[in-house]
Amino acid sequence: MDTQLFHIFRNTPTGRETFLQSLYFCRLMGASPVVYVPKHTKFLMYFERDVVQVDLDSSYLTASETAEKHARELAEQEGLDPGVFKAKNFTASTLPDIPVDFDFMCCPRSISDLTSKIGLGYIGSRVRRIIRSAFFPVLITSPSFRQWNSITVFFGGSENAVNALRLGARIARKTGMKLRLFTQVEGGKTRDDYEKVIVESGLGDDMSAYVDDWLLFFGGRFEENLYEVPHDSLLVLGAYGHGLIRDLLFGSKMETIQSVMPNNLMVAGPNYVDRRA
């Protein structure tokens, strides 16, 4: 089965920018885009440990009569043949069920709040919940389309960081792009301590094959050290979800990264599994 990326298409200028980012990713990864043109503002995703109801903002229903045509035209311009997902199963008459057996999903920073009101530093609660529940990673796009020419994995030695490195190596393997690590050293650790985690996680060969730069910071403020990350790099992060009511928190460093970095983000949640490893 082909590698597939799931994309909810929005027939607006900002939606076009997000879709262009999905298409760019698909072209680099040799993946197939699967496009969903919503007819309703709600749908359900049945994950193994959670059922997520996604409430789309009204812009996703803009000009529905031309949405599929525009999506196909954009994909074909990139040399891609998109699959168009048509909902067949419904929990209620206006509540379609969306499958979750994709390899990637692309989201803007929010899908439940009007995009015109969403700025850097805000990831909507529904996007956070998808990340927390999904086995696939989620591509969170910059506001306008931008190419990326390298991959930067944020590696702090945790299980989530190992997931991120595994994902970063997968992307580097498919794209042939440069892979670097970024580590803010903490707790008196040394480079050897982090390398030990990588080797014990079975990623030593990937480290040797794909990583050609390691930004290790033994001091300085994390926010200031982020300046060393290239603006045209895809940022790969591992996230864990906690928190209850309004938002799900991802940990202080990821919250800092998503609040100050304009780059595209690829986020692997705690349930991420590389089914094609």
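Where does Lys 189 lie? Select Lys 189: this residue is in the loop between β11 and α5. Helices (H or I, at least four residues) and strands (E, at least two) are DSSP runs, numbered from the N terminus.

**Before moving on**

This is a predicted model, in which local features need pLDDT of at least 70 and side-chain atom pairs count only at pLDDT 80 or more, while totals for chains, interfaces and linings use all residues. Residues are numbered from 1 along each chain as its sequence is written, and side-chain values use heavy atoms, with hydrogens and water left out.

**Stop 1: around Lys 189**

Lys 189 has a relative accessible area of 37% and is partly exposed. Here buried means under 20% relative accessible area, exposed over 50%, and partly exposed in between (1.4 Å probe, protein chains only). Show the residues in contact with Lys 189, where contact means heavy atoms within 4.5 Å. With residues up to four places away in sequence not counted, Lys 189 touches Gly 156, Tyr 194 and Phe 218. For Phe 218, draw a C-alpha to C-alpha distance to Lys 189: the value is 9.0 Å, for a separation of 29 residues in sequence.

**Stop 2: helix α5**

Select helix α5 (residues 191-200) next, and within this helix Arg 191 and Glu 195. Arg 191 and Glu 195 form a salt bridge, with the closest N and O atoms 3.0 Å apart. The term stands for a side-chain nitrogen of Lys or Arg within 4 Å of a carboxyl oxygen of Asp or Glu. The two residues are four apart in the helix, so about one helical turn separates them. Arg 191 is partly exposed at 39% relative accessibility, and Glu 195 is partly exposed at 28%.

**Stop 3: strands β11 and β12**

Select Arg 180 and Asp 213, whose side chains meet in a salt bridge (3.8 Å, N to O). Arg 180 is in strand β11 (residues 178-184) and Asp 213 in strand β12 (residues 211-217), so this pair ties together parts that are 33 residues apart in sequence. Which of the two is buried? Arg 180 is, at 5% relative accessibility, whereas Asp 213, at 26%, counts as partly exposed.

**Stop 4**

Select Glu 78 and Arg 27, whose side chains form a salt bridge at 3.2 Å, N to O. The pair links distant parts of the chain, 51 residues apart: Arg 27 is in helix α1 (residues 13-29), and Glu 78 is in the loop between α2 (64-77) and β5 (83-85). Arg 27 is partly exposed, with a relative accessible area of 41%, as is Glu 78, with 28%.

For a salt-bridge network, select Asp 50, Arg 129 and Arg 132, which are linked in one. How many salt bridges does the structure hold? The count is 15.

**Stop 5: the cysteines**

Select Cys 106 in strand β8 (residues 104-107). Cys 106 is buried, at 3% relative accessibility. Beyond its neighbours within four places in sequence, Cys 106 is in contact with Leu 5, Phe 6, His 7, Thr 18, Ser 22, Leu 139 and Thr 141. One of these, Ser 22, is 84 residues from Cys 106 in sequence and 6.4 Å away in space, C-alpha to C-alpha.

There are zero disulfides in the structure, a disulfide being a pair of cysteine sulfur atoms within 2.5 Å. Cys 26 is in no disulfide, and the nearest cysteine sulfur, that of Cys 106, is 8.7 Å away. Cys 26 is buried, with a relative accessible area of 1%. Cys 107 is also in no disulfide; the nearest cysteine sulfur, again that of Cys 106, is 6.6 Å away. Cys 107 is buried, with a relative accessible area of 1%.

**Stop 6: residues 243-249**

Colour the model by pLDDT, the predictor's confidence in each residue, from 0 to 100. Residues 243-249 stay under 50, and the model has 17 contacts for them beyond four places in sequence. Where pLDDT is low, the predicted coordinates should not be read in detail. Over the protein, pLDDT averages 87, and 88% of the residues score at least 70.

**Zooming out**

Of its 277 residues, 52% count as buried. Among contacts between residues at least 6 apart in sequence, 77% join residues at least 24 apart. Switch to a surface view: the protein exposes about 12400 Å², and carbon and sulfur atoms supply 49% of that area. Accessible areas come from the Shrake-Rupley method with a 1.4 Å probe; for residues, only the protein chains shown count as cover.
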